[in-house]
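Trainee: I would like to learn how to read a few features of a model. Please show me the structure.

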Amino acid sequence: MKCLLTALQCVHFHLTSTLQAIYCLKWYSYCIFQYLRSFHLGEPRKYDPTFKGPIYNRGCTDIVCCILFIICILGYVAVGILVMPLAWSQGDPRKVIYPTDSRGQFCGQAGTPLETKPLLFYFNIMKCASPMVLLEFQCPTTQMCVEKCPDKFLTLLKAYTNKEDFKYYKNFCKEGLEGLTVTQILSSGLCPAMLTPSKPFTRRCFPALDQKKGGEITVGNNSKFDDGEGNIRDAKDLVAGVKNATVVIEARQVVMKIFEDYTQSWYWILIGLVIAMLISLLFIVLLRFLAGIMVWVMIVMVILVIGYGIFHCSMEYVSLKSEAGSNVTLKDLGFQTDFSVYLHIRQTWLAFIIILAIVEVVIILLLIFLRNRILIAIALIKEASRAIGYVMSALFYPLFTFALLSIVIAYWAVTAVFLSTSNQPIYKVFNETACDHSRKICEPANFSTSSMKAECPDSKCLFAFYGGETVYHKYLIGLQFYNVFLFFWCANFVTALGQMTLAGAFASYYWAFVKPDDMPAFPIFSSLGRSLRYHTGSLAFGSLILSIIQIIRVLLEYIDHKLQGTQNKCTKFLLCCLKCCFWCLEKFIKFINRNAYIMVAIYGKNFCTSAKDAFFLLMRNMIRVAVLDKVTDFLLFLGKLLIVGLVVCFSPQTVVVGSYLIAHGFFSVYAMCVDTLFLCFLEDLERNDGSAERPYLMSDRLLKVLNKKNKPEPAE
């Protein structure tokens, strides 16, 4: 009724003044907010005289999921104990380390004839651009182990006429060339038709491609080459065959640069990482005193930047007044692929001015109406810095999480390597012309005398992949999937354990009436013990839901990778939508899980009840949630940027990643502290009223911001 009367009053005023306009806008916003709150978002918390913070007398939660998780972990261990011996007997990590030639032999393997030939050479690298490479992960050309890569242009036809050249050429040919003509050699597939200057990379010979300033592709400083079949081809024809190695090449260069920097200046790197840790600690301490200044400076800077944008656009608008053709409307101009054309139209700059002005007004109005909530966010951030001062051990908890994640990753990686390499070499028929036996399994030992070779004279029996036909090999893909799924589940469980442990420790700080006397002696260890003893099931439940979504995302990425060569627009659009939806769903589930773990740590209820209570509590305070989230994100982003920048100025560039990870580890604890204190703060507001029987447990700073205070106990 009050909203209705105010609306009629605003209509009567006709908004005759700025103050009346602001007054009416404020009440309209208030009415809309109250309308949104009218939806059922759960009942506010009622006062419970027995509640004294994180409940110690609690029971086990989500027992069914706990049992399921334990069974799956035992099964995961069984995969390592029972299947691993078979994988160890048939698996061979050398298949991952060493390149394999067309006969399935390892190049450079010690104790074999190929020990001195560590590099893999492709007879015709251009055939690696075939779509079959993506389908079967095998380049349909002969591959052999060589001692070194070719370093000059040479064709078989030219080399055959020169004794020295032919001797050099034989290093890249199979045996049995004596007495054969060039035609016989090529038809038998004993030699490549040409050699191009190449460089070794990941133990494979790739053409030494380069790009000149004009964008021209060259190989061995030449833009063209003879393909050995009488054709002069452009060097860019080689690009398609090696483009899949581009990302790997760049990654290898980065890794090598990091390794070189580490070996040359490891002591400076360690000093830089220690400095990053000290600056992170100092930044968290300073937030207690500087959080308010940093937030308001940020807001003023945003307003000034937008104001400068409006001024700049206005100057451009005025300067175009005398320019011919600048008064054309956007409607008359229509759509142009060259977007710079629009910058010569006055109407474009007028649109920029209007948009920026609207944004400026919205920000100013938000500051007017949300100033109190911004002050609450600042006070909570300062309180989080004070809480960490009481629970300093929390800052080093990420090391424990990192150690557990390292164990999970190592177990998954070792299992995956041995499972993926416990196959037998499979050979298939590869050919350049039509053949009924194409891609069928063959035996290289007797292929030259087989019916397949007789029917398809130009076919070759080449190594395709590793596989098998035994029962173990048939279920190998299932074991790999189980390995990946348990990896996600265990990794998410470890992360969830860290979140709940930190939440329990910081909640014990908030709900302690006298700090630190009412807090546990060791808050982190006490919270960790409660989480593992009572809430393993809840941790497993939340991490299971998240793992299922992540597995679906992995499958979508795999399908998208497989369909990259297709031109079906509908399929691409559908995949893009699915990937976007599951990305959003994963972010939402992470948000729900994080707050659910906080509620479990405080009240000891099951996962679903805690998730529901946390969600409704946040929705009843959605504006406070939005303000606190953005303010905290900005401060932590600014802190990471500051730490990385300061460390890089005084140490090698390779410290960037390490310093960022250290800052992220410290600030993740800080962010968890802020989220925990925020939920406790909202609970405090709903549970208590400041009376002597129900006093607020928030800090005096928060009470002052809210204009509340605790009433003293009545005198006896």
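Trainee: Which residues is Thr 142 in contact with, leaving aside its neighbours within four places in sequence?

Mentor: This is a predicted model. In it, Thr 142 touches Ser 102, Phe 121, Tyr 122, Phe 123, Lys 174, Lys 460 and Leu 462. Thr 142 belongs to the loop between α5 (132-136) and β2 (143-146).

Trainee: Is Thr 142 buried or exposed?

Mentor: A residue is called buried under 20% relative accessible area. Thr 142 has 1%, so Thr 142 is buried.

Trainee: And why does Gln 499 count as buried?

Mentor: The relative accessibility of Gln 499 is 19%, so Gln 499 counts as buried by that cut-off. Gln 499 lies in helix α16 (residues 476-510). Beyond its neighbours within four places in sequence, Gln 499 is in contact with Arg 594, Tyr 597 and Met 672.

Trainee: What describes two packed helices?

Mentor: The angle between their axes and the distance between the axes. Here, helix α12 (residues 346-390) packs with α22 at about 120 degrees, the axes being 9 Å apart. Their crossing is right-handed.

Trainee: Which residues of α12 and α22 meet?

Mentor: From α12 they include Ile 376, Leu 380, Ala 384 and Ile 388. The α22 side consists of Tyr 670, Cys 673, Val 674, Leu 677, Phe 678 and Phe 681. By class, 12 residues of this contact are nonpolar, one is polar and two are charged.

Trainee: How many residues of α22 are buried?

Mentor: 24 of its 33 residues, so the helix is mostly covered. Helix α22 (residues 655-687) reaches 48 Å from first C-alpha to last, close to the 48 Å expected at 1.5 Å a residue.

Conventions. Residues numbered from 1 in each chain as written. Predicted model: local features only at pLDDT ≥ 70, side-chain atom pairs only at ≥ 80, totals over all residues. Heavy atoms only, no water. Helix = DSSP H or I, 4+ residues; strand = E, 2+ residues; numbered from the N terminus. Expected span 1.5 Å × (residues − 1). Buried < 20%, exposed > 50% of the residue type's maximum accessible area, 1.4 Å probe, protein only. Axes fitted to C-alpha atoms, helices over the stretch in contact; angles between N-to-C directions. Left-handed = near helix turned anticlockwise from the far one by under 90°. Contact = heavy atoms within 4.5 Å. Nonpolar A, V, L, I, M, F, W, Y, C, P; charged D, E, K, R; others polar.
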